[in-house]
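Subject: Structure handover

Hello,

Here is the structure I said I would pass on. My notes follow below it.

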Amino acid sequence: MSASETGSILQFAPFQSAVDEGFWHRLSSLKLNKLGIDDSPISITGYYAPCSHTRVSNHLTLLTESLPPDSDEQLSEPTGSHGNRNRCAVPGILYNTNTLEDFDSLDKPSLLKAEAKKILEDINTGKAVEDSAALSRFIVISFADLKKWSFHYWFAFPALVLDPAATVVNLMPASQWFCSEEAESVSAACNEWRNASLTADVPFFLITISSDSHATLWHLRDYEACQGDGHKLVFGFYDPCHLPNNPGWPLRNFLALIGSRWNLQTINFFCYRENRGFADLGLSLVGEALITVPQGWRDLQCIPNAVGWELNKGRKEPRCISLAKSMDPTRLTVSAADLNLKLMRWRALPSLNLDILSTVKCLLLGAGTLGCQVARMLMAWGVRKITLVDYGRVAMSNPLRQSLYTLDDCLNGGDFKALAAVKSLKRIFPAVEAEGIVMAIPMPGHPVSRQEEDGVLDDCRRLHDLINSHDVIFLLTDTRESRWLPTLLSANANKITINAALGFDSFLVMRHGPGPFGSVHDSKAEAGSALSDDMDNLAITDKSGGRRLGCYFCNDVVAPIDSTANRTLDQQCTVTRPGLAPIASALAVELLVGILHHPKGIFAEAELANSNYGGSSEQPLGILPHQIRGSLSQFSQMTLVGHSSNSCSACCGTVVSEYQKRGMEFLLQAINHPTYLEDLTGLTELMKSTDSFKLDWDNEMDDDDDDDDCVEI
């Protein structure tokens, strides 16, 4: 820039922006977890520092802490950084829109003028003198595309327009403007100012130089104290610009304050710049500016002219950044997987508790057609802790129906299903905490020899430990008797138990009620399980007077037996219509989510569709049924209620109590002697009483009666 006696138009180097990746991550988290569709302006904080390199300007930077934390704290209070010489905090406003169309249609001139008006108000009220960082306030408009992890944004650094424009005379390096003694004193004073915690991040200041060349730095509020005594007065600011012939953008509003607040028309300004953390007067600039404040600025209703939208490669347009490629694939997968669930909380389901879903531990007994589908549905709902138990291997017939397996899993005799399923789950979603356990489930009606007893009892103990260490048990095995021991152990431990079973074209999905010794739900405490010494709890009613919901075996009049012996191949295999398993699996997982979100949890009463039976259907996820039975042949579905039986071979108080008393000895007897459970629970006596019951028919019929009097039984 040339200098002359009349001066030339003062031209300023525009502010440049930089956004740290962490800022976008926090914005995404805020948007998903807290803001939702709320597009209200958000107070943010930007940071900049004096130029410290001869060829590179410093940027105004947005960091993770520029945004308020992802918590319940006030959104208007972002985290600041005070006393940091490398971070001069500047207040800003973020307008984050919900759609790209909203972003494009924002009234940008009005936004800029509104912020410029705030700056002028701060100047007129004296706020900018007390907190000079307000002179550099900024705007960011943005749109966050959380599906593609791309972010559209545009910065504006509002600058009041002086009319006529300011002119400059004799702009030169500060080392040439000051004499050597003054330069030495100014450098020392600036270094002291920058090293003091109370002033290190104060970007605007005053410099007085006495007649003996001694320099002192002052806050802007001390302007009156700097007058008189023949002191030389210079107005200083932290200059982020490195250019030798142009001051940085912050000077624009500083000149507006000087002219408007103190009615000065000719001033000396000092562009403070550094080298390796110390004042560099060779890089810093000093110039004399001639300023004229427009008429009407002192009017409180004045809306000043302003400029300041940042250019993108010389063009007036927004910028766009994509983080998808730079993100860790696992982290990106987690964010994408949770996207649908977090979007539910915006409008459809604000009460959705993702913390419960992500921490609940699910045990899936069976890794076949149902187990594969349930595992995937659980992951879709945000469940991250899944254990699969199965003893079988992947057969050639499995991959088409069992969605976690491929041809490679069938080769060389087939991989164990539990292990192959876990491997597949981790390929689908690397962040899942999945474990596969290869073990058989001991079953009543399948006697074992003495040589096999130790191994079977070890399996019983292992299954006991697995059930106790998990929160939810899914019964997904392909035989009825294989569900008996898990049902008993779940009732004993009072665990949430979900059962899904398939016929050829029908299905049953149900939740088991609490165990016979389950504690009554207290809404003021977490639902838990506790064993009571009071034998009155053996009843089928709970302490609140309501009947317990039944389990899978409560309607049976016989104990489970070997269902595979002497059966043809189609009777041994689970022959079902292919569409049945996905339907039943989805309903089983939906049932679990309903239980987890119900205030009574496992103790929730049964509710029926289109009925007020059993409780309120005002829960966010709808009713919480006991049983769901469906038929593909009729394309129908119905909800039923079945209460617990005091003769149930799996969950009644008699069976659970016997297990608690005798442990493994009881289980071995139940496994080896098919009629033992029937004798224990009274089913044998029940069958005898049924056989002895005779129905007397009235054979006296009037020959004159026609068929209309007949009743179909």
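At what angle do helix 12 and helix 17 pack, and how far apart are their axes? Helix 12 (residues 450-468) packs against helix 17 (residues 664-672) at about 115°, and the axes lie 11 Å apart. Axes here are lines fitted to C-alpha atoms, for helices over the stretch in contact, and angles run from 0 to 180 degrees between N-to-C directions. Helices (H or I, at least four residues) and strands (E, at least two) are DSSP runs, numbered from the N terminus.

Before the rest, two points on conventions. This is a predicted model, in which local features need pLDDT of at least 70 and side-chain atom pairs count only at pLDDT 80 or more, while totals for chains, interfaces and linings use all residues. Residues are numbered from 1 along each chain as its sequence is written, and side-chain values use heavy atoms, with hydrogens and water left out.

Helix 12 contributes Glu453, Val456, Leu457, Cys460 and Arg461 to the contact, and helix 17 contributes Met664, Leu667, Leu668, Ile671 and Asn672; contact means heavy atoms within 4.5 Å. Of these residues, seven are nonpolar, one is polar and two are charged (Ala, Val, Leu, Ile, Met, Phe, Trp, Tyr, Cys and Pro count as nonpolar, Asp, Glu, Lys and Arg as charged, and the others, Gly among them, as polar).

Eight strands make up an open, mixed sheet in the order 20-19-18-21-22-23-24-25; two strands pair if DSSP finds at least two bridges between them. Strand 20 (433-438) and strand 25 (636-640) are the edges, each pairing on one side only. Helix 11 (residues 417-428) lies across strand 19 (385-390) and strand 20, at about 165° to the latter.

Finally, two loop residues. Ser649, in the loop between strand 25 and helix 16 (653-662), has a relative accessible area of 1% and is therefore buried (under 20%; exposed is over 50%, partly exposed in between; 1.4 Å probe, protein chains only). Among the residues that Ser649 touches are Trp484, Phe553 and Leu677. Asp239 sits in the loop between strand 11 (232-238) and helix 7 (250-262) and is buried as well, at 0%. Its contacts include Pro50, Cys51, Tyr272 and Arg273.

Regards

Technical notes
Lists of a residue's contacts leave out its neighbours within four places in sequence.
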